Amino acid sequence: MEGEALIKVDDVRHAFLSKTGEEEVLALDGINIDIARGEMVSLIGPSGCGKSTLLNVVGGMIAASQGHVLIGGTPVKGPRPKDVAYIFQESALLPWATILDNIKVSLEFQGVPRASRDKIARISLTAVGLDAFGDSYPHQLSGGMKQRAALARALSLRTDILLMDEPFAALDEQTRMIFSEDLSRLLANEHKTIVLVTHSLAEAVFLSDRIFVFTSRPGRIKAVLNVDEPHPRIPTFMTSSKFNDLRNRLYELLRDEVLAAIGKDRQGLA
Amino acid sequence: MSGASSAGQALTLRLSKSQKRLSLLVKIGVLVALLAIWHLVTVDEFVSPFFLPKPDEVLRVFFNIIVTGQAWPDLKVTLFEFALAGPIAVIAGGAVGFLISLTRYGTRAFEPIVSSVYAIPIIIFYPVSVMALGIGPESKIAHGALFGFFPMCLSTIQGFSRVDPLYIRLAHSTGASKSQLFWRIMLPAAAPTILTGVRLGLMLSFLAIIGGETIASLEGIGHRIVWYAEGMQTGNMFAYIVFVIMVAVLMNTALSFLEIRRGRQ
């Protein structure tokens with residue numbers, strides 16, 4: 001399947017009605033992205049640039065106003081639970097169910113037969129190092145562990161594609177670093193195709209093969225950075241000069257856009 | 001948001017064990033203090049025994065009522081009325097609340113209406129019930145059902161409409177069917193709020209039935225209290241008052257227990 005994109009975003013444009021009603025807001029414009037099988041891609045940009053919207057268009061959770069997304073050659077017309085798994089900003093673990101049951105419920109929704117759910121759920125819990133916490137409830141886990149459990153749930157769905165919407169946002173700095181390293185190691189074995197929405201320059205560089213930098217609203221692709229580094233990424237990569245160069249380059253690209261986004265907000269306030 | 005609230009939850013769970021004993025002691029203490037005050041104000045007839053009989057007198061009559069089964073005919077009527085009114089309130093309130101919660105428009109339009117009706121004194125409709133259905137149990141059943149309907153309906157609307165949208169997105173992204181979404185996500189997420197509605201609905205339904213019986217009735221516990229009051233038999237009256245309080249407290253305790261157990265899950 002070399003050369004053929006697993007995810008193809010074809011000239012996507014998306015507008016929505018503003019909260020006050022009549023005004024139409026253009027969120028995304030002229031987005032073209034090809035993502036190869038096994039590639040790890042980050043979408044980064046100022047708040048409100050539409051990167052999360054694009055993730056939801058790819059996942060079939062939002063229908064784009066124009067253009068379309070192809071996964072494996074077929075157009076996305078709604079959620080594709082066999083192809084796509086999500087990791088949300090907050091863990092989205094159901095508080096009334098144990099960690100194990102949380103995973104099993106998603107497997108049930110996906111249509112996995114009852115007999116194999118328990119086994120699949122336990123395997124993925126072991127993969128993220130939470131095998132001892134299957135019978136715990138979400139509120140008994142730390143933020144990092146909850147996000148790990150959410151990762152286990154996403155892995156258990158055995159999809160080719162993993163969409164991550166700021167999965168680190170609710171975690172503290174140190175937990176984020178460790179989680180990034182774990183993620184890189186785990187995903188190197190899984191050969192999944194990943195789209196990550198993030199605000200963090202370091203995470204984007206540390207995890208991605210390619211980074212798409214978005215302009216402030218309406219979101220357009222401003223630049224694409226290649227991170228030519230094998231997976232799994234190891235902690236020393238984070239202190240290398242290559243890492244720093246890429247991070248600084250990303251910062252330069254983003255700085256103007258963030259300023260522009262803040263400026264627009266100020267105008268809106270005035 | 002969820003981080004802070006779950007931390008708070010864990011904290012209360014941890015504290016609850018040592019606090020349970022303390023709160024039980026406080027409850028018993030309040031009860032003993034009330035009895036002591038009651039005893040002190042009546043022992044030297046500081047308050048006339050005609051208005052407030054001595055506690056030992058009331059307790060004697062109370063046990064007499066229980067032992068002889070004297071309260072049974074009235075209790076049977078009241079319980080029969082409640083056995084119909086309570087479930088009607090819960091089922092009708094739950095069904096209407098669920099239908100309203102199905103659309104965002106319905107929630108926006110009807111939630112304020114239901115909650116404002118909840119705020120008006122529904123007792124003013126009791127004469128209408130009596131006029132339409134007579135002075136027998138039917139008017140109490142209708143009144144009790146009406147009283148319990150609104151809190152149940154409101155809690156059901158709130159329970160279903162405030163389900164975290166993230167859970168719904170998760171369900172959609174993993175391919176949940178409509179019935180899976182309802183049984184696996186919506187219902188368990190809304191259950192604690194709905195159970196509060198069940199408790200409130202049943203309690204208010206019971207209160208409304210007792211209240212209705214005191215206003216216009218020929219039988220039932222509420223009627224018996226008024227009957228003894230009009231007959232100047234305050235000992236009997238207070239014994240029945242204690243009886244109603246005991247029934248209400250028992251019911252509330254049983255329903256709270258159900259709510260807490262479900263909430264912990």
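Reader: Which residues have the most contacts inside the largest nonpolar core?

Author: This is a predicted model. Its largest nonpolar core holds 120 residues. Those with the most contacts inside it are A:Val58, A:Ala154, A:Leu163 and A:Val195.

Reader: Which helix gives the largest share of this core?

Author: Look to chain B for this one. The largest share is 14 residues. It comes from helix H8 of chain B, residues 178-215.

Reader: What does A:Leu163 touch, not counting residues up to four places away in sequence?

Author: A:Leu163 is among the core residues with the most contacts. Leave out residues up to four places away in sequence. A:Leu163 then touches A:Leu55, A:Val58, A:Gly59, A:Val84, A:Tyr86 and A:Val195.

Reader: Which residues of helix H1 of chain A are buried?

Author: H1(A) runs over residues 51-58 and is mostly covered. Seven of its eight residues are buried. They are A:Lys51, A:Thr53, A:Leu54, A:Leu55, A:Asn56, A:Val57 and A:Val58.

Reader: Which residue just after H1(A) takes a positive phi?

Author: H1(A) ends at residue 58. Just after this helix, the phi is about 80 degrees at one residue. That residue is A:Gly60.

Reader: What is the secondary structure of chain B, and what pattern does it follow?

Author: Chain B has zero strands and ten helices. Its C-alpha trace spans about 75 × 55 × 30 Å along the principal axes. Read along the sequence, the pattern is α-α-α-α-α-α-α-α-α-α.

Reader: How far apart are the C-alpha centres of domain 1 and domain 2 of chain B?

Author: Start with the bounds. Domain 1 of chain B covers 17-47, and domain 2 covers 53-264. Their C-alpha centres lie apart by 28 Å.

Reader: Among contacts in chain B between residues at least 6 apart in sequence, what share joins residues at least 24 apart?

Author: Chain B has 265 residues, and 33% of them count as buried. Now take its contacts between residues at least 6 apart in sequence. The share joining residues at least 24 apart is 76%.

Reader: How do helices H4 and H6 of chain B cross, left-handed or right-handed?

Author: H4(B) covers residues 104-119 and H6(B) covers residues 137-161. Their axes come within 9 Å and cross at roughly 150 degrees. The crossing is left-handed.

Reader: Which residues make the contact of H4(B) with H6(B)?

Author: By type, the contact divides into eight nonpolar residues, three polar and one charged. H4(B) supplies B:Thr107, B:Glu111, B:Val114, B:Ser115, B:Val117 and B:Tyr118. H6(B) supplies B:Phe150, B:Pro151, B:Cys153, B:Leu154, B:Ile157 and B:Ser161.

Reader: Why does B:His143 count as buried?

Author: B:His143 lies in helix H6 of chain B. The cut-off for a buried residue is 20 or more other C-beta atoms within 10 Å. B:His143 counts as buried because its C-beta neighbours inside 10 Å number 28.

Reader: Which residues is B:His143 in contact with, leaving aside neighbours within four places in sequence?

Author: Consider distance along the chain too. B:His143 and B:Ala85 are 58 residues apart in sequence, yet 7.9 Å apart in space, C-alpha to C-alpha. Leaving aside neighbours within four places in sequence, the contacts of B:His143 are B:Tyr126, B:Ser129, B:Ala208 and B:Gly212.

Definitions and conventions
Residues numbered from 1 in each chain as written. Chains lettered and ligands numbered in written order. Predicted model: local features only at pLDDT ≥ 70, side-chain atom pairs only at ≥ 80, totals over all residues. Helix = DSSP H or I, 4+ residues; strand = E, 2+ residues; numbered from the N terminus. Buried ≥ 20, exposed ≤ 12 C-beta atoms within 10 Å, placed from the backbone. Contact = placed C-beta atoms within 7 Å. Domains from an automatic or database assignment. Axes fitted to C-alpha atoms, helices over the stretch in contact; angles between N-to-C directions. Left-handed = near helix turned anticlockwise from the far one by under 90°. Nonpolar A, V, L, I, M, F, W, Y, C, P; charged D, E, K, R; others polar. Core = buried A, V, L, I, M, F, W, Y, C linked by C-beta atoms within 7 Å.
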